[in-house]
Amino acid sequence: MKYLKVSALSLTVASLALAGCGKDDNGGGEVEMKTRLEVRMADAAGAYDQINLDLQGVEIDTSANAEGKWAKLTLLHPGTYDILDFESGIDTLLIAQDVDQGVISQIKLLLGEENSVVIGETPAALSVPADGIVLKLASAANLKEESTYKLWMEINPLTSIVPAEDGIGTYLLEPDVRSFTESMSADISGNVLPLDADPVVWAILGADTVSGAYPDAEGDFVLQGVPAGTGWTVSFDANVQGYEDQQVSDIEVVAGEPVTLDPVVLAGPEQE
């Protein structure tokens, strides 16, 4: 079973400015421009073996939608997703669609009825909000026509899944979601060994733990969507007694420029 400790970074509510109107090529009146919007799902790991969400639709809150607050988009593959599959650099494409000009301030994931968590081999029912998972966008961006805007949604399992008060083995989804974009963040990657230490890797800024990841079978890890800035610390925490934690400090993250750390080896008990 996977155990991570996460304190979520506060989200700043912002608006996403889409492309404006333009003139047609024949000198006529204004024509409505489109912008390509891609929405992907990523995940920070949590203390569960599976978290299965039944994704059935996506809507955006946009001023371009004259008939109502929410405009429906086309979900590429409706169905059940184990969101723990999308960690340490792995994501899945939910939306790839041209959208009208306007302002997007929120994105909503609509959920069906087949939602559950699994601990060990035991499944448990997961109750979800009737209005789905609503994300208030954390970053502002000016989009131009014929461009593609890529947005990642990352659900924090540790703070999003809580036991129901009935105490009969059911759970509630109280979504704790953050967003990140290529234009305002970058990934931090590297390698940590030995795997016998059961290490967990964290990206930390001050008192906020923003992203966490488990290394793969080779010790490689990716911390996705770390916001641009200075003073980042990557912490390597050993979950097996006898191994020592380690940190790499004073890391600068520049938007769109991935950071690769030197390999880390956690000191451990002497081999007999």
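Guide: Lining the second largest pocket are W152, F180, T181, E182, S185, A186, D187, Q224, G225, G256, E257 and P258. Two or more of the lining residues come from each of β16 (177–181), β17 and β20 (220–227). This is a predicted model, in which local features need pLDDT of at least 70, side-chain atom pairs count only at pLDDT 80 or more, and totals for chains, interfaces and linings use all residues. Residues are numbered from 1 along each chain as its sequence is written, and side-chain values use heavy atoms, with hydrogens and water left out.

Visitor: What makes a residue part of the lining of a pocket?

Guide: A lining residue has an atom within 4 Å of a point of the pocket, which is an open set on a 1 Å grid over the protein atoms alone, with protein on both sides within 12 Å along at least five of seven lines. β17 gives the most to this lining, with three residues.

Visitor: Why is M184 called partly exposed?

Guide: Partly exposed lies between buried (under 20% relative accessible area) and exposed (over 50%), with a 1.4 Å probe and protein chains only. M184 has a relative accessible area of 40%, and therefore counts as partly exposed. M184 lies in the loop between β16 and β17.

Visitor: Why does L195 count as partly exposed?

Guide: The relative accessibility of L195 is 35%, so L195 is partly exposed as well. L195 is placed in the loop between β17 (185–193) and β18 (199–205).

Key. Helices (H or I, at least four residues) and strands (E, at least two) are DSSP runs, numbered from the N terminus. On a 1 Å grid over the protein atoms alone, a cavity is a set of points where a 1.4 Å probe fits but cannot get out, and a pocket is an open set with protein on both sides within 12 Å along at least five of seven lines; lining residues have an atom within 4 Å of a point.
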